Amino acid sequence: MEDTLKKEQGQEQEEIIGEETAKPKKKRRRGIYLLPNTITTSALFCGFYAIVAANNNDYKAAVIAIFLAMIFDGLDGRVARMTNTQSDFGVEFDSISDMVCFGVAPSLVAYEWALKEFINYGPIWGKLAWLGAFIYTACAALRLARFNTQVGVIDKKYFQGLASPAAAAVIMSIVLCVEVYEIKTAIPQSVISSFCLFMVVAVGILMVSNVRYYSFKDIDKYKKVSFINIVAIVLIIAGIWIIPVIVLLAVFLGYCLSGPIWTVMEIKKHRKLKKKADFKEDRQEPDVSNAVLDQANDAETCDNIEEK
């Protein structure tokens, strides 16, 4: 009797398990995280608006829009990490947004603002102008592609090449400084256009170069700093409050030049160390020729003594 009850219970359990397995599994709903991708979309909107504003000759609004895009670009990743909402979609979306905001928009703003004036000097100069803008855009795309493929490989303490937001900030700071202080009335347009072309191409080359830039990612917020650092931060904040345009231009230009200057100093340091190492090796190497002559002289003296 007990055996039959056990068999019946076992059959019922098997039937229940079979029904559960027969039920179709619910598919997980696919979606994207709202908060970080909304911030990335805001950055993309700012980049697009900068292009529209430049076409309408409103260069101040275009510059401000790109600076706002920089703020949103710095926020989306941090918000995603804080809320644990990182995703592959967010990474790709952020990269596309960076290309529009810091690759396409700055080059078009620079072209509409100053480079377009080269058309007045002939067709060849006009082609040279838009080619310079394209070089910047292509370098920004290459810089972003290289950065995406080297995530987790290179040292996070340094950027390999100038970061695209910093490159855009350099160009936009120049535009804003000229527009705010009306420098076009004091300097010929040809000089401003030539300088803008040089800066666009130079900054583009720095983006794809192997020059290292400090990334500020290893700063410990809980570590004590010297009093001089606090004074420097206070001076920068005061300068931004009094003359914000000039301070921003000085900060971004200084950061842009810091990479090549630091690279040259490292090369010189490496050469000095190499010269010292070579000098030490030369001093430590024995003079083989003198040693052979001494041995030969000793052998001759021994032979002379034996003959005597």
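In which handedness of crossing does α4 pass α6? The crossing of α4 past α6 is left-handed, meaning that the near helix is turned anticlockwise from the far one by less than a right angle, with clockwise counting as right-handed. The model is predicted: local features need pLDDT of at least 70, side-chain atom pairs count only at pLDDT 80 or more, and totals for chains, interfaces and linings use all residues. Residues are numbered from 1 along each chain as its sequence is written, and side-chain values use heavy atoms, with hydrogens and water left out.

The protein chain holds 10 helices and 2 strands. Helices (H or I, at least four residues) and strands (E, at least two) are DSSP runs, numbered from the N terminus. Their order from the N terminus is α-α-α-α-α-β-α-α-β-α-α-α. Of its 308 residues, 32% are buried, where buried is under 20% relative accessible area, exposed over 50% and partly exposed in between (1.4 Å probe, protein chains only). Among contacts (heavy atoms within 4.5 Å) between residues at least 6 apart in sequence, 83% join residues at least 24 apart.

To return to α4 and α6, their axes come within 9 Å and cross at roughly 25°. Axes are lines fitted to C-alpha atoms, for helices over the stretch in contact, and angles run from 0 to 180 degrees between N-to-C directions. The two helices are therefore roughly parallel; the cut-offs are under 35 degrees for roughly parallel, over 145 for roughly antiparallel, 65 to 115 for roughly perpendicular, and oblique for the rest. The contact includes Phe-102 and Trp-113 of α4 and Ile-171 and Met-172 of α6.

Helices α2 (residues 34-55) and α3 (residues 59-82) have axes that come within 8 Å and cross at roughly 165°, so they are roughly antiparallel. This crossing of α2 past α3 is left-handed. Within α3 lies Ile-64, which counts as partly exposed because its relative accessibility is 48%. Ile-64 and Ala-50 are 14 residues apart in sequence and 8.1 Å apart in space, C-alpha to C-alpha.

Helix α5 (residues 123-149) has 27 residues, which at 1.5 Å a residue should span 39 Å, and its end C-alpha atoms are 39 Å apart, in agreement. The expected span is 1.5 Å times one less than the number of residues. Among the buried residues of α5 are Tyr-136, Cys-139, Arg-143 and Arg-146. The cover over the buried residues of α5 includes α4 (88-113), β1 (158-160), α6 (164-180) and α7 (189-208).
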